[in-house]
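Please load the model in a viewer and keep the selection panel at hand.

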Amino acid sequence: MIALIQRVSTAKVEVEGEVVGQIGRGLLVLLGVEKEDDRVKADKLAEKVLNYRIFSDENDKMNLNVQQIGGELLVVSQFTLAADTQKGLRPSFSKGAAPDLADELYQYFSQKCAQSIRVANGRFAADMQVSLTNDGPVTFWLNV
């Protein structure tokens with residue numbers, strides 16, 4: 001399971017011109033689910049995302065997590081994160097989870113995070129338009 005996290009001052013996702021998820025300060029989480037993923041991996045990734053220290057403390061050091069700054073999450077499904085790009089000029093999606101499993105784990109991950117923090121979501125399998133103001137910029141690739 002993969003999370004590409006971006007520290008943002010604002011982020012939103014639209015589907016057909018309608019805002020379906022929006023946050024202020026926090027993390028945009030692009031979530032990719034692979035074939036071998038399960039709830040154990042989702043739990044581990046949620047714990048990592050919620051506790052990853054990438055926000056500045058009073059000394060301007062990255063020592064605070066999203067919960068400590070009172071931030072929010074915007075979780076967006078992103079199947080292309082599971083792409084194999086090692087060969088050729090066209091990505092292979094053979095590592096990606098089937099849509100049913102991917103949706104289940106996407107929802108589970110979001111619900112797990114929502115036990116600790118406000119979570120907004122995109123819409124699974126929709127054509128989404130994501131807008132963000134990356135704060136820093138600060139972006140990390142987390143994989144469990």
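**Conventions**

The model is predicted, so local features need pLDDT of at least 70 and side-chain atom pairs count only at pLDDT 80 or more, while totals for chains, interfaces and linings use all residues. Residues are numbered from 1 along each chain as its sequence is written, and side-chain values use heavy atoms, with hydrogens and water left out. Helices (H or I, at least four residues) and strands (E, at least two) are DSSP runs, numbered from the N terminus.

**Stop 1: strand β1**

Select β1 (2-15). Of its 14 residues, 11 are buried, so β1 is largely enclosed by the rest of the structure. Here buried means under 20% relative accessible area, exposed means over 50%, and partly exposed lies in between (1.4 Å probe, protein chains only).

**Stop 2: two positive phi values**

Select Glu-16, in the loop between β1 and β2 (18-23). The hairpin formed by these strands has 2 residues between them, and Glu-16 takes a positive phi near 50 degrees. Its relative accessibility is 81%, which means that Glu-16 counts as exposed.

Then move to Ala-125, in the loop between β7 and β8. Ala-125 is not a glycine, yet its phi is positive, at about 65 degrees. Is Ala-125 buried or exposed? Ala-125 counts as exposed because its relative accessibility is 70%.

**Stop 3: strand β6**

β6 runs parallel to β3, with 6 bridges between them, and Gly-26 has Glu-72 as its bridge partner. β6 also pairs in parallel with β7 (residues 119-121), over 3 bridges.

Within β6, centre the view on Leu-74. Leu-74 is buried because its relative accessible area is 0%. Ala-120 in β7 stands opposite Leu-74. The C-alpha atom of Leu-74 is separated by 5.8 Å from that of Val-119, 45 residues apart along the chain. Contact means heavy atoms within 4.5 Å. Not counting residues up to four places away in sequence, Leu-74 touches several residues, including Lys-12, Ile-23, Leu-28 and Asn-121.

**Stop 4**

Select Ser-110 in helix α2. Ser-110 is buried, with a relative accessible area of 5%. Leaving out residues up to four places away in sequence, Ser-110 touches Val-75, Val-119 and Asn-121.

Asn-65 counts as buried because its relative accessibility is 7%. A polar atom of the Asn-65 side chain lies 2.8 Å from the backbone nitrogen of Gln-67. Beyond its neighbours within four places in sequence, Asn-65 is in contact with Leu-50, Asn-51, Tyr-52, Arg-53 and Phe-55.

**Stop 5: a cis peptide bond**

Select Pro-137, in strand β8. The peptide bond from Gly-136 to Pro-137 is cis, with omega near 0 degrees.

**Stop 6: the largest pocket**

Finally, select Ser-77, Gln-78, Phe-79, Thr-80 and Phe-124, which are the closest to the centre of the largest pocket among its 21 lining residues. The space in this pocket is about 390 Å³. A pocket is an open set of points on a 1 Å grid over the protein atoms alone where a 1.4 Å probe fits, with protein on both sides within 12 Å along at least five of seven lines; lining residues have an atom within 4 Å of a point. The volume is the space filled by probe spheres set on the points, which are joined across faces, edges and corners.

Which element gives the largest share of the lining? It is α2, with 3 residues.

Technical notes
A polar contact is a pair of N or O atoms within 3.5 Å; within protein, one must be able to donate a hydrogen and the other to accept it, and residues adjacent in sequence count only if both atoms are side-chain atoms. Two strands pair if DSSP finds at least two bridges between them.
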